[in-house]
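Good morning, colleagues. Please look at the structure on the screen while I take you through its main features.

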Amino acid sequence: MYKKIMVPVDLAHIDKLARALDTAANLAKSYHAPVTYVGVTSSVPGPLGHNPEEYSNKLTDFAATQAKAHGIEADGKTVVSHDPAVDLDDALIKAVNETGSDLVVMATHIPNVADHIWPSNGGRIATHTNASVFLVRG
């Protein structure tokens, strides 16, 4: 049913993504679909890397760890943005299209007042791509 799964990850908060990561791995096994873990970063040095290449290496290592732990095929894709906080939705939409993903599995939070005014990341991806979106509450 699904041919390619994309999972947005924030390497700084991996501990909060366990349920979404497990869900994606289980779906990948069920559908024999590869998983691409997507991380959005800036070119400015930060705690996860001095440059996008360093960040990309960490993301690739993370994907390899997930692949081995769950027995799935996985890779990492780094998207560089001027301001990830502002451009996150656009960066993820671009990644869905570039990877050819037909399912996005992503962690979400319990809705709050702001979610009634601004669309969620998952909602934006669902309305701006052809991919199905599976939101997993942590």
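Let me begin with a term: a residue counts as buried under 20% relative accessible area, as exposed over 50%, and as partly exposed in between, with a 1.4 Å probe and protein chains only. What you see is a predicted model, in which local features need pLDDT of at least 70 and side-chain atom pairs count only at pLDDT 80 or more, while totals for chains, interfaces and linings use all residues. Residues are numbered from 1 along each chain as its sequence is written, and side-chain values use heavy atoms, with hydrogens and water left out.

I turn to the overall architecture. The chain has four helices and five strands, and from the N terminus on they follow the order β-α-β-α-β-α-β-α-β. Helices (H or I, at least four residues) and strands (E, at least two) are DSSP runs, numbered from the N terminus.

Next, the dimensions. For 138 residues, a compact globule would have a radius of gyration near 14 Å, and the 14 Å of this chain agrees with that. This radius is taken over C-alpha atoms, and the globule rule is 2.2 Å times the number of residues to the power 0.38. Along the principal axes, the C-alpha atoms fill a box of roughly 35 × 35 × 25 Å. Of the 138 residues, 40% count as buried.

As for contacts, meaning heavy atoms within 4.5 Å, consider those with a separation of 6 or more: 75% of them come from residues 24 or more positions apart.

Now to the aromatic rings. Rings of Phe, Tyr and Trp (its six-membered ring) pair if their centres lie within 6.5 Å; planes under 30 degrees apart count as stacked, over 60 as edge-to-face and the rest as tilted. How many aromatic pairs does the structure hold? There are two aromatic pairs. One is formed by Tyr2 and Tyr31, edge-to-face, at 5.2 Å centre to centre and with 90° between the planes. Tyr2 lies in the segment before β1 (5–8) and Tyr31 in helix α1 (residues 18–31), so this pair ties together parts 29 residues apart in sequence. Tyr2 is buried, at 19% relative accessible area, whereas Tyr31 is partly exposed, at 30%.

Tyr37 and Phe62 have ring centres 5.3 Å apart and planes at 80°, so this pair too is edge-to-face. It links distant parts of the chain, with Tyr37 in strand β2 (residues 35–41) and Phe62 in helix α2 (residues 52–70), 25 residues apart. Tyr37 is buried, with a relative accessible area of 0%, and Phe62 is buried as well, with 11%.

Leaving aside neighbours within four places in sequence, Asp89 is in contact with Asn121 and Arg124.

Val133 belongs to strand β5 (residues 132–137) and is partly exposed, with a relative accessible area of 26%. Which residues does Val133 touch, not counting those up to four places away in sequence? They are Leu103, Val104, Met106, Gly122, Ile125 and Ala126. For Gly122, eleven residues from Val133 along the chain, the separation of the two C-alpha atoms is 6.5 Å.

Thank you for your attention.
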